[in-house]
Amino acid sequence: MPPAVVLVTGVSRWLGGALAAELAADPSIERVIGVDTVPPSQAMLRRLGRTEFVRADIRNPLIGKVIAAASVDTVVHMNISSTPAGSGGRVPMKELNVIGTMQLLAACQRAPTVRRFVLKSTSAVYGASSRDPAVFTEAMQARRVPSGGFAKDSLDIEGYVRAFARRRPDVDVAVLRFTNFIGPRIDSLLTGFFRMPVVPTALGYDARVQLLHEDDALAVLTRATTGSFVGTVNVGGQGTLLLSQAIRRLGRVEVPLPTPALGSVGRLSRRFGFVDYSPEQMRFLNFGRVVDTTVLREEFGYTPRYTTEAALTDYARTVPPVVSPRLVESASARVRSVLERAGDTASAVGERLRPTPPAPGLRAVRDA
Amino acid sequence: MPEARVIQLRPDDDEPYVPPAPAPGWEDRLAGGLEFLRRRLTGEYETDEFGFDPDLTDHLLLPILRPLFQKWFRVETQGLENVPSTGGALVVANHSGTIPVDAMMTTVALHDDHPARRRLRLLGADLVFDMPVIGSLSRKMGSTLACNEDAERLLTEGELVGVFPEGFKGIGKPFRERYTLQRFGRGGFVTAALRTGVPIVPCAIVGAEEIYPLIGNAKTAARLLGLPYLPITPTFPLLGPLGLVPLPSKWLIAFGEPIETASYGPGAAEDPMLVFNLTDQVRETIQHSLYQLLLQRRSVFS
């Protein structure tokens, strides 16, 4: 049974807006209500179609009234901020993430009409450390529990959602643990990171990166909202890349810095609003993280259209390379021709100096 | 000229002259090297979810290790027919030598000497992956963390997995205890083999004990650095970086008959007594073949 009234939080950001637009285009859904603290941009507003936008803070009990008044039956919680830069600092970020989720869940618990809750979570809940198994399945937990930042918030949020599921067993809860998003339109941590022409990384470490294309992220969210999947699922593209490899494929210049120096670069870049190198982010850049997507493909029933490699290639269309592959090609061809010429000269000289001994000549003929 | 006769310059019984097969010319090697560099610069190579980079391993890391394998340690391999050519198997070996050179040499042995050119996927301690450079290079060479999840994932994918159950107890033991096996961990490797039903191939490595004879252990300094031991050898730290040159001992690597585990069924991993017994069986086999290999070797350096 498709949902009648869907409430999407965090609708002003790209993915939330895209999901609301997708749901609004589905005629079987009666109403789509988008909630965010900031109004969506003009371009986004046009895309949203018949979505009703409610400017509300989910930290405010007003959200309960919205849910009750519209008799919302499906709630998609996407208003989780991954960087302090996006929400004006770490303290407001944590407040929005954790307190906001608690308020939203409290409102959902009171509303008898709610029967489905979809949480956009992250694979960051698995942490990142040297003690990690190479591939995380949904049943595994972080070996070293993330101590702060986005990952800690996400762990707390998942905890509250589990508690909510216990108190309202009649509500179907789907938790989607997304890997890093990438794509031409989405704004994620890695897209900002890869847009820099010179990418500072941790010296002596190389993270394994699993990417998810924005189109696949959108498709999974849509399916989770309208479908009947219950439980936790890892969402990521097939295959992995090493961080250095991804940087090279994008034609960026990698600058490995010793970890302490990287910390100060991170603080500096955060001040200028570039990229966030929080301690938790640094650990991710050191070790990376890969998740198993068997549940996604077999139980959830979706196979991402883009592999990690293909997603990166699609994203690469929008970032002009600093070191273009053609440049490398022509440079290597030039080096080769120069070396070959030098080598030919050397071997000609060598031939002069030391003529190769002739093949064993005629021997005495036995029968002449 | 009807009276003309054909005079054979080369009688049939003489071996025809065959010019020696030319070694890959420098042009080919240069082209290969440049192609490798180009691939590295543009990122056009494959890596797997464990961080294994076959391109780097084949074209850079193995060629660096090969002279050490062939010329320095003159490694001889025995019983390669005991390592299956396809499918998963767990190679269990003794660990020694202060620095895990034995793990690298076993990797080269299985890649170069085995007819199927098998890749050994090693399992390492978390300390290895915590260290910069070493950790990332180990992953690129195909290693991963020694935990049941990773071991079972690799074995189900049909990979050849190498494990050193003695861990730091084996590699950091004093020289006077050479060739005596330490405790074999908690038998985690046996449960991994039982759950995936792959054979266990016992492997004995002789020669690694003598490369850096550990005569002392700077325990306090090791604790300060967070290391399990800090080796003192006859040449290190006395000769500084020169002390890092391993002694050129003669090496023998022998693979024993595989111990089959599939018949026990995956449920057998829950039977601790069976796990203990199998662990002991593997340990005994390796200890036994170590003694045999030591008898075969005429002297440490020949």
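I began with chain B, where I found seven strands forming an open sheet in the order β1-β9-β6-β2-β5-β3-β4, with mixed pairing. At the edges I noted β1 (76–78) and β4 of chain B, each of which has a single partner strand, so one side of each is left without a neighbour in the sheet. I remind myself here that this is a predicted model, and I word these entries with that in mind.

Next I followed strand β9 of chain B. How does β9(B) pair with β1(B), in the parallel or the antiparallel sense? I found that the two run parallel and are joined by three bridges, and that T77(B) stands opposite I253(B) in β9(B). Strand β6 (residues 200–206) of chain B, on the other hand, runs antiparallel to β9 (residues 252–255) of chain B, and four bridges join them. On that pairing I wrote down that I205(B) stands opposite I253(B).

I then asked which residues cover the two faces of β9(B). L252(B) and A254(B) lie on one side, I253(B) and F255(B) lie on the other, and all of them are buried.

My next entry concerns the contact between the chains, to which chain B gives 32 residues and chain A gives 33 residues. On the side of chain B that touches chain A, the elements giving two or more residues are α1 (26–42), α4 (126–130), α5 (134–140), β4 (144–145) and α6 (148–156) of chain B. The largest share of that side, nine residues, comes from α1(B). Sorting that side of chain B by class, I have 16 nonpolar, seven polar and nine charged residues.

Last, I looked at chain A as a whole, whose secondary structure comes to 14 helices and 13 strands. Its radius of gyration is 27 Å, well over the 21 Å that the globule rule gives for 368 residues, so chain A is more spread out than a compact globule. I also noted that its C-alpha atoms fill a box of roughly 115 × 55 × 45 Å along the principal axes, and that 45% of the 368 residues of chain A count as buried.

Terms used. Residues numbered from 1 in each chain as written. Chains lettered and ligands numbered in written order. Predicted model: local features only at pLDDT ≥ 70, side-chain atom pairs only at ≥ 80, totals over all residues. Contact = placed C-beta atoms within 7 Å. Nonpolar A, V, L, I, M, F, W, Y, C, P; charged D, E, K, R; others polar. Rg over C-alpha atoms; globule rule 2.2 N^0.38 Å. Buried ≥ 20, exposed ≤ 12 C-beta atoms within 10 Å, placed from the backbone. Pairing = 2+ DSSP bridges.
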